[in-house]
Amino acid sequence: MSAYRVKSTFVRTTLVVGLVAGLAAALQGCVLAVGAAAGGSALVATDRRTLGAQTEDREIQVKAMSLISQNLPDSAHVNVTVFNRRVLLTGEVAGEVSKQRAESVVRSLNNVNSIVNELTIAPASSFSSRSNDTYLEGRVKTALIAEKDISSNNYKVVCERGAIYLMGLVTVDEGNRGADVASRVPGVTQVVKVFQYIQPQEAAAATAAAASAASSAPAAAQPEAAEVTSGAVPDSSVTSRPLEQQSPAPVNNSTQVHPGNPKVGQ
């Protein structure tokens with residue numbers, strides 16, 4: 001991996017750490033369960049994925065990022081997000097060859113059920129753009145936390161150049177409501193649904209099972225939820241219009257869902 005890409009990753013991580021602290025201060029009085037974890041604190045959350053799927057997701061992400069860095073030019077900016085064995089690729093690459101190469105690299109990995117290739121053929125985004133994306137991710141996550149009758153734990157939020165990608169195991173109603181919340185956050189340019197849909201009874205059973213597992217497992221063994229970020233000073237390109245004046249951003253389903261390699265083992 002080039003020094004440029006390592007530096008970009010370090011800067012993004014630093015932003016996330018700082019933004020987490022901002023969210024903790026902003027949400028005082030809200031009911032959030034925060035548990036201690038090695039080297040920091042993590043949001044303890046229920047997760048509808050099985051423990052096996054969560055473990056495989058982490059392994060797939062690490063392997064995919066390593067292989068992509070080895071097989072694509074240093075100028076490529078590719079983010080890999082994995083949820084329930086579905087891999088989302090976002091970022092920018094120089095051409096169609098690199099875009100397809102990134103997808104084929106991911107497909108070479110076992111246990112990948114599907115690949116959502118949302119890579120854009122364009123120059124790599126700037127530091128300012130990536131900072132803005134981190135800020136918007138935090139705003140969307142905060143809005144989901146504040147929304148009544150849905151659980152923010154059921155949504156995985158990714159932002160790329162102002163576009164929000166939503167992943168998760170959700171019902172159709174939960175997917176629509178989460179997308180609507182995200183579309184109304186100032187600065188969001190569009191919302192792309194990358195959900196895996198389940199029936200309401202499946203959702204209830206999965207949530208109950210996850211809650212039971214979380215309550216019975218030792219705190220140190222509970223999986224960490226995705227980082228929650230908020231509270232940062234927005235980039236100058238982020239609109240400061242009040243939420244009630246924000247026209248909803250367009251919401252679409254991703255059309256870039258392709259088969260993966262669900263083969264187990266080896």
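Predicted model: local features only at pLDDT ≥ 70, side-chain atom pairs only at ≥ 80, totals over all residues.
Helix α2, spanning residues 51–71, packs against helix α3, residues 96–107, at an angle of about 140 degrees, and their axes lie 9 Å apart. Because angles over 145 degrees would be needed for a roughly antiparallel label, α2 is oblique to α3. The crossing of α2 past α3 is right-handed. On the α2 side, the contact is made by Ala 64, Leu 67, Ile 68 and Asn 71, which meet Arg 101, Ala 102, Val 105 and Val 106 of α3.

Turning to the strands, β10 (residues 190–193) takes part in two pairings described here. With β8 (residues 163–167), β10 pairs in the parallel sense over four bridges; within this pairing, Ile 164 has Val 191 of β10 as its bridge partner. With β12 (residues 251–253), β10 is again parallel, over three bridges, and here Lys 193 is partnered by Asn 253 of β12.

The structure holds two aromatic pairs, one of which joins Tyr 155 and Phe 195 in an edge-to-face arrangement, with 6.0 Å from centre to centre and 70 degrees between the planes. Tyr 155 sits in the loop between α4 (127–146) and β7 (156–160), while Phe 195 belongs to the loop between β10 and β11 (196–197), so the pair ties together parts that are 40 residues apart in sequence.

Note on methods:
Residues numbered from 1 in each chain as written. Heavy atoms only, no water. Axes fitted to C-alpha atoms, helices over the stretch in contact; angles between N-to-C directions. Parallel < 35°, antiparallel > 145°, perpendicular 65-115°, else oblique. Left-handed = near helix turned anticlockwise from the far one by under 90°. Contact = heavy atoms within 4.5 Å. Pairing = 2+ DSSP bridges. Phe/Tyr/Trp six-rings, centres within 6.5 Å; stacked < 30°, edge-to-face > 60°.
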